Amino acid sequence: MITYLYWVLVAILIFLSLFLVGARMGKWKPAVILAVLVWLAGTVLYYFWLEQIFVKRLGGTMTLSVPAGQQHIAATWKGDNLWIENYDPETNRCIFREYSRGNLLEGQVVIENCHPLRAGGSADNSGAENSTTIPKRPRTAL
């Protein structure tokens, strides 16, 4: 919802610049230039600064897709940047990807031989513990 309000505000500023400078003053060339500058500044401001802030702090909406062949494991915020963890079963790697503001300077951490528990570890039905299952008793006394 906050994202829609932002874009409505940008559209209002564009129409105001066209109306006030173009229609009232009769200077259409500066009005169009000003409208383009407002649109460009609003777009750059949104994608390089406000998008993830809207999602994290104000309840905005953001859509990401899991790459083909990978399984999603987790997502977390570090500051204002979103980190997504996916598992690639073909290469047996866990991949943490950062979605930063404007998709610039994105980080990536790759864990080789990952074997995540939710990705189909080999647990047998006999109740015996093995290295890929969670122990049934706590490791330390509570």
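Let's start where helix 2 ends: the helix is followed by Gly 59, whose phi is positive, near 80 degrees. Keep in mind throughout that this is a predicted model. Ile 2 belongs to helix 1. With 26% relative accessibility, Ile 2 counts as partly exposed. Setting aside residues up to four places away in sequence, Ile 2 touches Phe 54, Leu 58 and Gly 60.

Leaving aside neighbours within four places in sequence, its contacts are Tyr 46, Phe 54, Gly 60 and Thr 61.

Now follow helix 1 along its length. An α-helix has 3.6 residues a turn, so residues three or four places apart point the same way.

Helix 2 tells another story. A straight helix of 31 residues would span 45 Å at 1.5 Å a residue, but helix 2 spans only 37 Å between its end C-alpha atoms. Where does helix 2 bend? Look at Leu 50, where helix 2 bends by about 60 degrees. Leu 50 is itself one of the buried residues of helix 2, which also include Ala 31, Ala 35, Gly 42, Thr 43 and Tyr 46. Glu 51, Gln 52, Ile 53, Phe 54 and Val 55 are buried in helix 2 as well. The cover over the buried residues of helix 2 includes helix 1, strand 1 (71-78), strand 2 (81-88) and strand 3 (93-99).

Next, turn to the aromatic rings. Counting rings whose centres lie within 6.5 Å as a pair, the model has six aromatic pairs. In one of them, the ring centres of Tyr 6 and Phe 54 are 5.9 Å apart and the planes stand at 65 degrees, so the pair is edge-to-face. Tyr 6 sits in helix 1 (residues 2-24) and Phe 54 in helix 2 (residues 28-58), so this pair ties together parts that are 48 residues apart in sequence. Tyr 6 counts as buried at 10% relative accessibility, and Phe 54 counts as buried at 8%. Phe 54 also pairs with Tyr 46: their ring centres are 6.1 Å apart with planes at 50 degrees, so this pair is tilted. Tyr 46, at 5% relative accessibility, counts as buried. Ring pairs link Tyr 6, Trp 7, Tyr 46, Tyr 47 and Phe 54 into a cluster.

Four strands form an open sheet in the order 1-2-3-4, with antiparallel pairing. Strand 1 and strand 4 (108-112) stand at the edges with a single partner strand each, so one side of each has no neighbour in the sheet. From one strand to the next, the twist averages 15 degrees.

How many bridges join strand 1 to strand 2? Seven bridges join these antiparallel strands, and Ala 74 stands opposite Glu 85 in strand 2. The hairpin of strand 1 and strand 2 has two residues between the strands, and in this hairpin Gly 79 takes a positive phi near 70 degrees. Strand 2 is joined to strand 3 by seven bridges, and these two strands run antiparallel. Here Tyr 87 stands opposite Cys 94 in strand 3.

Finally, bring the helices and the sheet together. Helix 2 packs on the sheet, where it touches strand 1, strand 2 and strand 3, and its direction makes about 90 degrees with that of strand 1.

Note on methods: Residues numbered from 1 in each chain as written. Predicted model: local features only at pLDDT ≥ 70, side-chain atom pairs only at ≥ 80, totals over all residues. Heavy atoms only, no water. Phe/Tyr/Trp six-rings, centres within 6.5 Å; stacked < 30°, edge-to-face > 60°. Buried < 20%, exposed > 50% of the residue type's maximum accessible area, 1.4 Å probe, protein only. Expected span 1.5 Å × (residues − 1). Bend = angle between axes of the 7 residues up to and from the residue. Contact = heavy atoms within 4.5 Å. Pairing = 2+ DSSP bridges. Axes fitted to C-alpha atoms, helices over the stretch in contact; angles between N-to-C directions.
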